[in-house]
Amino acid sequence: YTGSVNQKQGIYRNHTKTALANHLQNIYIVCHKMVGTSFFKKACLEYIEKYYLTEYDLTFYGEFFSAHLADIIKYKLPKNDI
C-alpha cells in the first residue's frame, strides 16, 4: 500500500482504458483489421475519453463507436488519406 492516491488512481484509469479498448476491439474485429492497431487504439482512447463507462455491464458500451469512427474519417483525416 505504498504510493500516492493520484498514482493509484492513474493505475486504475489505465487499466480501465485498456479493458475498454480491448472490449471495443473484440466487438469491432473487422474494423480493427482494416485500419490497423495503431489507428484503432487511438480511436478507442478518444472514444473512451468522450463516452465514459456509466454501467458495470459492458453489453451496450461501444454503441456509438461506429459513429465516432465516421466522424474521424469525415473531419479529422486529411482528404487524401480517405
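I looked up phenylalanine 65 and found it buried, with a relative accessible area of 0%; buried means under 20%, exposed over 50% and partly exposed in between, with a 1.4 Å probe and protein chains only.

I noted that this is a predicted model, in which local features need pLDDT of at least 70 and side-chain atom pairs pLDDT 80 or more, while totals for chains, interfaces and linings use all residues. Residues are numbered from 1 along each chain as its sequence is written, and side-chain values use heavy atoms, without hydrogens and water.

Next I checked the ring pairs, where rings of Phe, Tyr and Trp (its six-membered ring) pair if their centres lie within 6.5 Å, with planes under 30 degrees apart counted as stacked, over 60 as edge-to-face and the rest as tilted. I have six aromatic pairs by this rule. Tyrosine 28 and phenylalanine 65 make a tilted pair, at 5.0 Å centre to centre and 50° between the planes. Tyrosine 28 is in the loop between α1 and α2 (29–35) and phenylalanine 65 is in helix α4, so this pair ties together parts 37 residues apart in sequence.

Tyrosine 47 and phenylalanine 65 pair edge-to-face, at 5.3 Å centre to centre and 90° between the planes. Tyrosine 47 belongs to helix α3 and phenylalanine 65 to helix α4, so the pair ties together parts 18 residues apart in sequence. I found both tyrosine 47 and phenylalanine 65 buried. Ring pairs link a cluster that includes Phe40, Tyr51, Tyr61 and Phe64.

Last, I looked at α1. Its buried residues are Gly10, Leu20, Ala21, His23 and Leu24. Their cover includes α3 (37–50) and α4 (65–76).

Notes. Helices (H or I, at least four residues) and strands (E, at least two) are DSSP runs, numbered from the N terminus. Contact means heavy atoms within 4.5 Å.
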